[in-house]
Amino acid sequence: MKHIKYIALAFIGGLTISCETNFLEPVPEVAVSSAGYFQNDEQIETGVIGIYDAIQGVNSTSLDDNRGVQIEYYLTEMRSDNTRTKSQEGEAAQFEEFNVTTQNGLVANYYRSFFNVIYRANLVLDNLENATTGSSAKFEAEAKFARAYAYFNLVRLFGDLPLVNGLIGPLDTDIAFTRVPAANIYELIVSDFEFAANNLDNSQKNRASRAAAQGLLAKVHLTLGNYTQAQVLCESIIGGDYSLESNFSDIFYNESNNEVIFAVGYNPGVEADSQDFSAEWMNGVGRTAGVNYVTNEAIEALETFGGNRASLSYRQDLSQATQYQVTKYLPNGEDGGADGKSFNTDATMSGNDWIVLRYADVLLMHVESILAGGQATSAAAAISSFQQVRNRAGISDTVSEITKQDLLNERRVELAFENQRLFDLIRFGVAQEKLSAFSGANGYGFSATDLLLPIPQREINLSNGKMTQNPGY
Amino acid sequence: MHTCPLKRILLWREVNIKSPLRVIDGSKIIILYLLVLVYKVKYLKSQTKINLKLNELKMNLKTKFLLIALLLVNIQLFAQDSFMVSGSVKDSNSLPLLGVNVTVKNSTNGTQTDFDGNFSIEVKTGDILRFSYVGFVDQDVLIRNQSQLLVVLAEDLNLLDEVVLVGYGSRKKIHMTGAVASVVNDDLDQIAVARVDDALVGQIAGVNIAATEGEAGSAPTIRVRGVGSLNGSSAPLIVVDGLPVDSDFLGNLDMNEVASFDVLKDASSAAIYGSRGSNGVILITTKQGKEGKTKFSYNTYTGFKEARQSDAYYASIAETAAAELAANGVLSDKTAYKQQIGIDRDWQDVIFDGGVIQNHSFSARGGSENTKFSTSLGYLHDEGVLLTDDFKRYNMRIKLDTKVGNNFKFGANLAPSYSRRRRFDGSTHDILRQTPWLPVYHDDNTIQYVDRNVYPDVIVGDYALQRHFDNYGPNATDISNTSNTNPAAKVLERDRNDYKFKLAGSVYADFKIMDGLHFRASLSGDYQNTFRDRWQGVESNRNGASAANYSVSNENRIHMVTENYFTYDKTFGAHDISAIAGISAEKWDFQGDSMLGSGYTSDLIKTLSAATVLNSMGSFKYAERFRSYYGRVNYAYDDKYLASVSYRRDGSSIFGVDSKFGDFPAASFGWRVSEEEFLKDSEVISNLKFRVSYGFTGNKDIDTGSNTIDLYPSLPLLGSSSAIVNGSAQTAFIALNIENPMLQWERLQEINPGVDFGLFNGIVSGSVDYYQRTSDQLLLYNPVSSTTGFDSALVNLGEVRNSGLELELRTRNITSEKFRWSSTFLASTNKNELLDFADANGQIQNVDAKRASEWINSVGNPISSFYGWVVDKDIPLENLNNPYHPVGAEAQDVYVKDLNGDGLIDDDDKTILGNPYPDLIWSITNDFKIGNVDFSFLFQGSHGAEVRNMGDQYLFNHFNSAMDFNSATTPNQGFIKEKIFTNDIIQDASYIALRNVNLGYKFSKKLTEKLGLSSFRVYATGQNLLYKTADGYTGFNPESINDTSPTTYGYQRAGSPIFSTISFGTNIEF
């Protein structure tokens, strides 16, 4: 046993790396464990910013990433009579043709993205105990605002939905796959927005504010037919911290202007924080050949009712003369040069903020609340609000009465390509009539059940028969 | 192919035989030294500072001693009377034996017999010549005055000393009780492939190696006994000289360095690798130096590669025009115009440009009784068959083993390698879409069709874009169907490379504690640096300079393993015991960073320096730790009754605090019936062994697509992100996963009865194995409802069974002096079945949100089965909007069958459409030796697997709206579905291939000697010279499978082609 010393040496050498304390529990350096996180206001605020990060979505070509609001136009504007694909090809064309399949990847992505917003909001709500009293209510209000905003979009697109008002895990399949009636979803939306409106101020435009909560809640009430509440909410915004931009173009190219109440922030050139929809709307600049192209019907409306907004909202495609593009969100404010597609900066990483709610919308909602589901109104308050919006567009003739159709037309041209049209048609109760006519004229296949999107097939498949599909799919 | 003679191991044993320094040498050295010393002192005395110099002398005594000793050895050699003895070595049937080691005992002198069994060697009277040859009994011959020797070696019919590596040691083959297959690198290094795993195709029953990608330097997929695991990795553990490595390591290993492969197939054999053994273990041993004269060898080959093209994926305009003319009587403007451009080309000719593969390998191996070395140097250049793919590798290995005294030996092994791989930075399905009329570059003819209003600046020599040709003629015809850049530009204007530097090394020390008991300690590890860069040039994208960018990433990985174990080998009478017990610790540290530059204005400077915007900065740091305790006892009684019991306990940092450790026991038993009295003298049965094994192994590998989650799945992780508020980015922390603190090892249990047999004195030999491997508590990244905030969560769920038969049959058909012929037949069947999937039973999944073809995971069927509707009939041509545009396009849709007959098509009409797992894999090898000529060929086949060939959707332009059915005229539209959701694109992936043909010629001794060489052989080989796919398969590589989750396996998106290679090479030894 004379070699025992070598053996001992070798053992010591060999064991050195294995005898470190907690050898089998290396601490992750690229991420933190949430078990010890959310301990103070600063940490909780990073969770709140995470909610906005989810709304903003990921600027990526992969539908495995949450694309969030960046693909919303497919599900809303292109499913109305305002826009379509340029080439009328592929999955994107399912929207304009009212032929959306249950496997549509964009639909699945939107569903997932906005439930991700809800999840991140619930994560903040679940971790408020270490917040200081001063911050706690504000964080709670922001989280609830985001949850309500996400649910409001989802419930209008999909109808009855799973009600997820807390953190759930993979085993909570009852919650994940049980579709609760839309009315119950709206109850949560209303109470969340109310909490937000009561606990926020108007200091932010890329984060939740009191006016943003009030304005969106007004839209919720309009949707539910609660016109009085809507009117009160609109009037609490009107005359306050916001005003119309005098130049229509400035709304979109002068960020955080006085008219913006809530916008999703983007910065150019940064992969993580930019958006690509501006590029997708051009001709073969983004990943697609061109989407959200303007329909003849929308052009006609803009030319008839738009005033100076028409020329600021769309243009002829400089590469293909028979096609028309949206100009409200031109990549980074550039026009794409002589061919409309040669940009100085990377158009696929655009920094244009996406406006969710602006003052003109509130003014027109105000009119709508006074109209209260009727056919016309000549109330002075309504006419005042209506006239402000028209005056800014350079339409100076005075009106003495606003019909439902007038208001719908006005909303169409004022808010064209801002993902409002489909919801307006539905809220005004004319979606079936208008879209049937539009569909017939273009050879598309609209039917009444197309007003709701299909629940993504993936969820149906995972639910083992628990989750029901919308009719018509 | 031979069975497994592990010369390396045999030589090891020789090292262990002690050989004391001869006294006579010692005394001579001393005398000589004294003489020199006297001379030196005399000389120095004439100088002034004698004393000082004398001191210096003393201090350098050791160095001088060595120098003089060396001198002396030489003198001694010259001083002795030596002479040449020559002779021949034959077996008992008077057949000459090739490659017999002839060594002078206790010296470094040695040689080998040539093809005719002849040798000659310098000896002195009194030397003992030892003749050793694997499979034969060693023979010693004392040299007196003979000049001519005839040695007859007795065949060791029982191959008693033949050993097989079993992990942490070896075991006599006759004592084996598990399912282990061995392949010796006799001529694998002549197969012109860039990776060692590519050369193993068809060599081992139960091991399926598929060329999933044809790109130069890409790794094949290796599966041992089917897909047992549901997580991302079903790849076997690979252990190179005791160091566990990832399969990527094989890309930097030179086949010329490899001595042998031993594949541990059943759980009992693999259980000694515990938690990493469930997908099988491949042990690779590199070549070692041999005692004797230093042997230099130089091997080289040059091969010419050509891609296998798909006829289905080429539609010419001429054919289209003819069809259109026949149907309509007139040509459409579009077709006429396309013909006018004057190009009708198969794009496969452009991007499958073929290539040359070249390999040079140089080695020097040798050693003395106590120290052996092996060095090698290799260079490989594979141009690949695709347009830009290219793979270069430089590798080197130094291996040194030495013995100090009687009880201690140590060794070191160091292998640096460097490779550069240029990628084919595109996807074939995207490039090959049917545009046979599109030129790559504009020439004098094509330039005249350019739409000058939109493209005033295009000149001859520019890339031609489809849009250039729009708006032509009196009717302003548009023929383009994409605004993309030229398909060739997509590849040529990109430059994407992987540069890998790897350094693998190990040191070990082995102490003999007492007779039979050794302690071995080793420290080994590998360092890997991977630098990736990717330039996407101005013309590579339709968006021009604004989309040009350059990205880099740099990753480092350090992996270290310490092993400390005891081995005990002892024979007591009829009892033979070998045992091991040890502990090991292992760690991996990963670190890396990446960046992307954009804002380029030209292609002139293709680095970050010309970027104006830097983006996507990221970095990572991960760690993984692993600790194990293991032991094994092998026991044999009378070489007849055999048993083996092993146990391993593994702890991994991946799992939660309470589930870190897993236990992996195994046992196996064997009975050599042929050794029993009643069979011992049988003339028919020379060998018969029954064996059975049972054991547990595990799997810890997780592949969620995020390394962070893979390595810390038990923790609720938060990562950093950001959102823009008032124009500036604010930090967000976002949750990355649904944590699972209970997550634990995936477990596999396997039972494997088998029989080994040899008939007619070994003329026929082989083995049959049946296995049933059941994996449960599978590590699964299972899809969950999006309402949880996530797509998937890691769980231990489900149970899968693979069962099958493996047959190995080897025959020596003819063994005459001039003509030898032997054959090997391997076959394996496998059946995959999902036994339990808990709540997820019947789960339907897709891999691509945009092309959502479905898979189903249902109990009673293979893990992932293709799911969808069944095609009824095509939509008639007259109902299609425009059936001739684009060229070669097919309709997107098809009529499907109402399977349940309820009058409508819905989810209830979907059914299982096939599965991606082969039922039968086989190979036949025939080896011939006729005089100096050797010839062999290997056929290999795979049957019963299907692929979902998504290539069809792209290459037949399914989604082009011009081909859609006319909704006004088409009847029964409710019965129409997209082809990608049907069995239209589920295709039979079976194939039969002539994997290898090898023809060699060894020059006669006479000529070889004239050239000053000891051996000289030239050869020609061919790979895949015949490759037959099943009817209905349209792609160019049925083995190509996209890397998706095992529950959605079998997705093919054109991929890269199978290729054939014809190569020429030489082996030179001197």
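Let's start inside chain A: domain 1 of chain A and domain 2 of chain A bury about 1800 Å² between them, with 60% of that on carbon and sulfur atoms. Keep in mind that this is a predicted model. There's also an interface between two chains to look at: chain A and chain B bury about 7000 Å² between them.

**The two domains of chain A**

- Domain 1 of chain A comes in two pieces of sequence, 201–265 and 357–429, while domain 2 covers 267–352.
- If you take the C-alpha centres of these two domains, they sit 24 Å apart.
- Where the domains touch, domain 1 of chain A puts in 22 residues and domain 2 of chain A puts in 23 residues.

**What domain 1 brings to that contact**

- Three residues do a lot here: A:Tyr253, A:Val413 and A:Phe417 supply 40% of the area that domain 1 of chain A buries against domain 2 of chain A, more than any other three residues.
- Across this domain interface you'll find three salt bridges.
- A:Arg309 and A:Glu414 form a salt bridge, and their closest N and O atoms are 2.6 Å apart.
- Helices H11 (248–253), H16 (380–392) and H17 (404–414) of chain A each give two or more residues to the side of domain 1 that touches domain 2.
- H17(A) has the largest share of that side, with five residues.
- Sorted by class, that side of domain 1 has 10 nonpolar, five polar and seven charged residues.

**Where chain A meets chain B**

- Here 88 residues of chain A are in contact with 84 residues of chain B.
- A:Leu24, A:Val30 and A:Gln103 supply 10% of the area that chain A buries against chain B, more than any other three residues.
- Of the area buried between the two chains, 57% is on carbon and sulfur atoms.

**Polar links and elements between the chains**

- One salt bridge turns up across the interface of chain A and chain B.
- A:Arg112 forms a salt bridge with B:Asp791, and the closest N and O atoms are 2.3 Å apart.
- Several elements of chain A supply at least two residues each to the side touching chain B, including helix H1 (4–16), helix H2 (41–56) and helix H5 (105–125).
- H5(A) gives the most to that side, with eight residues.
- By class, the side of chain A that touches chain B has 39 nonpolar, 31 polar and 18 charged residues.

**Strands that pair across the chains**

- E1(A) pairs with strand E30 (residues 717–725) of chain B in the antiparallel sense, over two bridges.
- A:Val32 has B:Leu718 in E30(B) as its bridge partner.

Conventions
Residues are numbered from 1 along each chain as its sequence is written. Chains are lettered from A and ligands numbered from 1 in the order in which they are written. This is a predicted model: local features need pLDDT of at least 70, side-chain atom pairs count only at pLDDT 80 or more; totals for chains, interfaces and linings use all residues. Side-chain values use heavy atoms; hydrogens and water are left out. Contact means heavy atoms within 4.5 Å. Buried area is the accessible area (1.4 Å probe) that two parts lose on being put together, summed over both. A salt bridge is a side-chain nitrogen of Lys or Arg within 4 Å of a carboxyl oxygen of Asp or Glu. Helices (H or I, at least four residues) and strands (E, at least two) are DSSP runs, numbered from the N terminus. Ala, Val, Leu, Ile, Met, Phe, Trp, Tyr, Cys and Pro count as nonpolar, Asp, Glu, Lys and Arg as charged, and the others, Gly among them, as polar. Two strands pair if DSSP finds at least two bridges between them. Domain bounds come from an automatic or database domain assignment.
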